[in-house]
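Here's a quick briefing on a ligand and the pocket around it. Have a look at the structure first, then read on.

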Amino acid sequence: MLKLYFSPGACSLAPHILLEEIGQPYEVQKVDLKTGEQRSPEYAKVNWKGKVPALQLDDGQILTENVAILPYLAERHPERGLIATDVLGRARAFEWLGWCASTVHASFWPVFRPTNYCDEEAAPRVKAIALETLQRHFDKIDELLRGRSHPLGDRFGVGDPYLVVFYRWGKAYDLKIGDDYRRVVAELAGRPSVMRAIEAERIKIDLSA
Ligand SMILES: N[C@@H](CCC(=O)N[C@@H](CS)C(=O)NCC(=O)O)C(=O)O
């Protein structure tokens, strides 16, 4: 059985949502990022990178990185139609997931832990600059969602769960969320798979303006 190593509200929420969408039995194991469990010798045996998500496959192998885990889950269940099957459609999915993981997510790092990038004195400024960059990413996401409900195609799929992850983080740091981005997250928040993953992680989606 698949097993997802996750931390509540972390980027591991994206595969958690997808696993719920797929609807096959799976296990979860919480990794407490607040106490540094991700850096423990036990967790290093699971994922030497010290990060969530990590997905344990049926044969015990571990798969890491959302850009790998999300398409893997989607393509394991072609019957769910969670990812395009044509060459360009798949490339579009990787294009979106790559931007989410390597640009949007990475832009949060200096917000979460500015002192990884500078000394204490410069930290507030580094964080403020990162938030300005993130606001531009959020404005772009809002623009991309104008007149549509999904980042890829016209149905829920591999590209949607990241929207929930970033929205929650953006709200926590008072980023301005555009009307279209909020509308799409409100739609996602009403989806049973999203509701179940949110409930399982004991977190919330604040849809207030
Ligand atoms: N490149 C990885 C990034 C994973 C990542 O940054 N996970 C964060 C949570 S959102 C984490 O585990 N952080 C723990 C730490 O840095 O100590 C992916 O996209 O899956």
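In the side chain of glutamine 38, an N or O atom sits 2.8 Å from an oxygen atom of the ligand, a polar contact (a pair of N or O atoms within 3.5 Å). Keep in mind that this is a predicted model, where local features need pLDDT of at least 70, side-chain atom pairs count only at pLDDT 80 or more, and totals for chains, interfaces and linings use all residues. Residues are numbered from 1 along each chain as its sequence is written, and side-chain values use heavy atoms, with hydrogens and water left out.

**Ligand contacts**
- Glutamate 65 puts a polar side-chain atom 2.6 Å from a nitrogen atom of the ligand.
- With asparagine 66 it's a polar backbone atom, 2.9 Å from an oxygen atom of the ligand.
- On its own the ligand exposes 510 Å², and the protein buries 86% of that (Shrake-Rupley method, 1.4 Å probe).

**The shell**
- There are 15 residues around the ligand, and Gln38, Lys51, Val52, Glu65 and Asn66 come nearest (near means a heavy atom within 4 Å).

**The pocket**
- The ligand takes up the space of the largest pocket, a pocket being an open set of points on a 1 Å grid over the protein atoms alone, where a 1.4 Å probe fits, with protein on both sides within 12 Å along at least five of seven lines.
- This largest pocket has a volume of about 1,300 Å³.
- It is lined by 41 residues, and Ala10, Leu33, His105, Phe112 and Trp169 are the closest to its centre (lining residues have an atom within 4 Å of a point).

Conventions:
A polar contact is a pair of N or O atoms within 3.5 Å; within protein, one must be able to donate a hydrogen and the other to accept it, and residues adjacent in sequence count only if both atoms are side-chain atoms. A molecule sits in a cavity or pocket if more than half of its atoms lie within 2 Å of its grid points. Grid points are joined across faces, edges and corners, and a volume is the space filled by probe spheres set on the points.
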